[in-house]
Amino acid sequence: MPGAHIRAAHSTVTETHVITTSGLTKVYRSRGREVTALDGVDLHVREGEVYGVIGQSGAGKSSLIRCVNLLERPTSGTVTVAGQDLTALAGRGPRASRELRQARSRIGMVFQHFNLLSSRTVQDNVELPLEILGKSGKERSRKALELLDLVGLADKAKAYPAQLSGGQKQRVGIARALAGDPKVLLSDEATSALDPETTRSILQLLRDLNRRLGLTVLLITHEMDVVKSICDSAALMDKGRIVESGTVGELLATPGSELAAALFPVGGDATGDDRTVLDVTFHGEAATQPVISQLSRTYNIDISILGAAIDTVGGLQIGRMRIELPGRYEDNVVPVGFLREQGLQIDVVEPAAQPSALVKEGAK
Amino acid sequence: MTWSEMQPLLEQACLETLIMVGWSTLIAVVGGLPLGVLLVLTDKGGLLQNTVVNKVVGQVVNVGRSLPFIILMVALMNFTRWITGTTIGSEAAIVPLAIGGIPFFARLVETAVREVDGGLVEAVQAMGGNTWTVVRKVLVPEALPSLIASTTTTIIALIGYSAMAGTVGGGGLGDLAVRYGYNRFETGLMWVTVAILAVAISLIQFAGDYAARALHRRGGRSGAAPKLRLLKAKEPAAADVGKVA
């Protein structure tokens, strides 16, 4: 809230897990056919972080986020949010128990298509969760105006959603999601219906809220840029399973990580047959060392740079470079060892490496 | 027949039609709205999915709606007598009119409610709302423009039915037109009733459309109201650059 104490300006991440799913499985049955949307998903989201789940459509992201607040009942497995086992609260039958509904009111959710009520003004939309919580009219309007101010829409309180742009609608959606003072915000492709510029401003807002309120954000997306610009941690989903997961730093430090490669692609092909192509990733201390010129001088080899980029991923300064050394890999074992000793992460690029599905998706 | 002779007859008939249609519409709306909502909720994938209830209610509504009104009226004679103590007069006509109107309106409600975006229901569930909250805060308010249009259609249908009810002792404008226009060749009076009905129906339709459109414009789901504005270039929506809190 404005005026409320602002926590540490950078990271609010702690080691406590605020969302945990274990062995989460969701099978849809229709006309005798079974479709497994989630296949044993273990997810650990730490308190105060922005966690992105990325994958292509049909990977199960949407089912996953809906299982977190039990809008979808998992077929098996458990979901724990803020220490509360939601799967145990669910009760039998398809209807949500009172306890589950109370738990849901403490989990905010924003949607791809905003899902604002067209018959209500912006302010009344934000008040809706407070009505459900049984707050008094005075308290509702105070809180709603405060939240609209927080998302920068104080002047639109009396407007109807139809009079707003997409980005403004999503701001209202975010304000509404925050009405119940949630610790956790679920974002279901919140920026997928927005243009790139508006996407950036909405992501900025989410990041800002994450830092100012210590809000844990679990978001699903199919856009690599979303993960790149705001996520502390990420998971890659494919066919209902989590293929890779970890903090952005961990992912980048994982040799051969598909997510890291997609988050931070470097291009460039070998110029000839007798060449060794390496992807060098710098972060932290190593980024400040003049390793390439040291390598060149120490081993007296010519190094060509095929591609390079420096970027900020999840608040981390990362450099990545694709370099080419003369000779085959067998001839370059020593220089590669030298680079590894310098604390750099080295991935040897296979000559005819097929770009993964994810990278292709990102390139479109 | 002079106007001074016609006037009291017309006044009386208008009043009777108003009573029949007014009360039966009220009952049809009060009875049809929950039935229509129930049909949506109990349908497959609905919040209260219940195949048995859905099939039974659906079947009752179908039969009630497809039965020719004149047959329904005759079939309900004993029931009408049980309720009002008579089968003659405007009050008695209200019973079959209302019973014919309920399923008619229920089907229209069902269609209107079904068009409400499922995402809104999901949003309210995610806030911790129960089924009753969903009905009260989402389904009915969001379907309101369509529900008003449905009410207009129902009123007009009931005016038609009321003319039929009139001929078997219900009174009203239909009765007047048949008794004087058909039986006594008073074509003048008949045409006056035709004119009154035409004007009344137009006015009701106009008022209903106006109300529905006003609500719709407010809610502004795109694609409906603004027809004239197509010629003018649409102004871009306010940019929300640099609005980060």
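Start with chain B. Of its 245 residues, 40% are buried. Buried here means 20 or more other C-beta atoms within 10 Å of a residue's own; exposed means 12 or fewer, and partly exposed lies in between, with C-beta atoms placed from the backbone. This is a predicted model, in which local features need pLDDT of at least 70, side-chain atom pairs count only at pLDDT 80 or more, and totals for chains, interfaces and linings use all residues. Residues are numbered from 1 along each chain as its sequence is written, while chains are lettered from A and ligands numbered from 1 in the order in which they are written.

**Chain B: the helices**

Colour chain B by secondary structure. Helices (H or I, at least four residues) and strands (E, at least two) are DSSP runs, numbered from the N terminus. Now look at the contacts. Of those in chain B with a separation of 6 or more, 69% join residues 24 or more positions apart. A contact is a pair of residues whose C-beta atoms, placed from the backbone, lie within 7 Å.

Select residues 14-212 of chain B. UniProt marks them "domain: ABC transmembrane type-1" in an unreviewed entry. UniProt positions follow the numbering used here, feature names are shortened, and annotations may be inferred rather than shown by experiment. The stretch 14-212 of chain B is 86% helix and 0% strand, and its end C-alpha atoms are 26 Å apart.

Next, pick out the "transmembrane region" spans. The unreviewed UniProt entry puts them at residues 20-41, 146-168 and 188-208 of chain B. Residues 146-168 of chain B are 100% helix, with end C-alpha atoms 34 Å apart. Residues 188-208 of chain B are also 100% helix. Their end C-alpha atoms lie 30 Å apart.

Zoom to B:V135. It sits in helix 7 (residues 131-170) of chain B. Why does B:V135 count as buried? Because 22 other C-beta atoms lie within 10 Å of B:V135. Leaving out residues up to four places away in sequence, B:V135 touches B:V37 and B:V140. B:P34 and B:V135 are 101 residues apart along the chain, yet their C-alpha atoms are separated by 9.8 Å.

Move to helix 8 (residues 172-183) of chain B. Its 12 residues reach 16 Å from first C-alpha to last, close to the 16 Å expected at 1.5 Å a residue. The expected span is 1.5 Å times one less than the number of residues. Which residues of helix 8 of chain B are buried? Select B:G172, B:L173, B:G174, B:D175, B:L176, B:A177 and B:Y180. Just after helix 8 of chain B, B:F185 takes a positive phi of about 55°.

**Where the chains meet**

Show both chains. In contact are 34 residues of chain A and 28 residues of chain B. On the side of chain A that touches chain B, helix 7 of chain A gives the most, with six residues. That side of chain A divides into 15 nonpolar, 15 polar and four charged residues. Ala, Val, Leu, Ile, Met, Phe, Trp, Tyr, Cys and Pro count as nonpolar, Asp, Glu, Lys and Arg as charged, and the others, Gly among them, as polar.

**Chain A: domains and sheet**

Chain A is assigned domain 1 (17-252) and domain 2 (265-363). The bounds come from an automatic or database domain assignment. Taken over C-alpha atoms, the centres of these two domains of chain A are 38 Å apart.

Find the open sheet of four strands in chain A. Its order is 2-1-4-5, with antiparallel pairing. Strand 2 (33-46) and strand 5 (84-85) of chain A stand at the edges with a single partner strand each, so one side of each has no neighbour in the sheet. Strands pair if DSSP finds at least two bridges between them.

Focus on strand 1 (residues 17-30) of chain A, which 11 bridges join to strand 2 of chain A. A:R29 stands opposite A:E34. A:V27 stands opposite A:T36. Two residues lie between the strands in this hairpin, where A:R31 has a positive phi near 50°. On the way to strand 4 (residues 76-81) of chain A, look for five bridges from strand 1 of chain A. A:T25 has A:S76 as its bridge partner there.

**Chain A: two loop stops**

Most residues other than glycine have a negative phi. Select A:D181, whose phi is near 50°, a positive value. A:D181 lies in the loop between helix 6 and strand 7 (184-188) of chain A. Finish at A:K239, with a positive phi of about 50°. A:K239 is in the loop between strand 9 (233-238) and strand 10 (241-247) of chain A. A:K239 is partly exposed, because 14 other C-beta atoms lie within 10 Å.

Key
Two residues are in contact if their C-beta atoms, placed from the backbone, lie within 7 Å.
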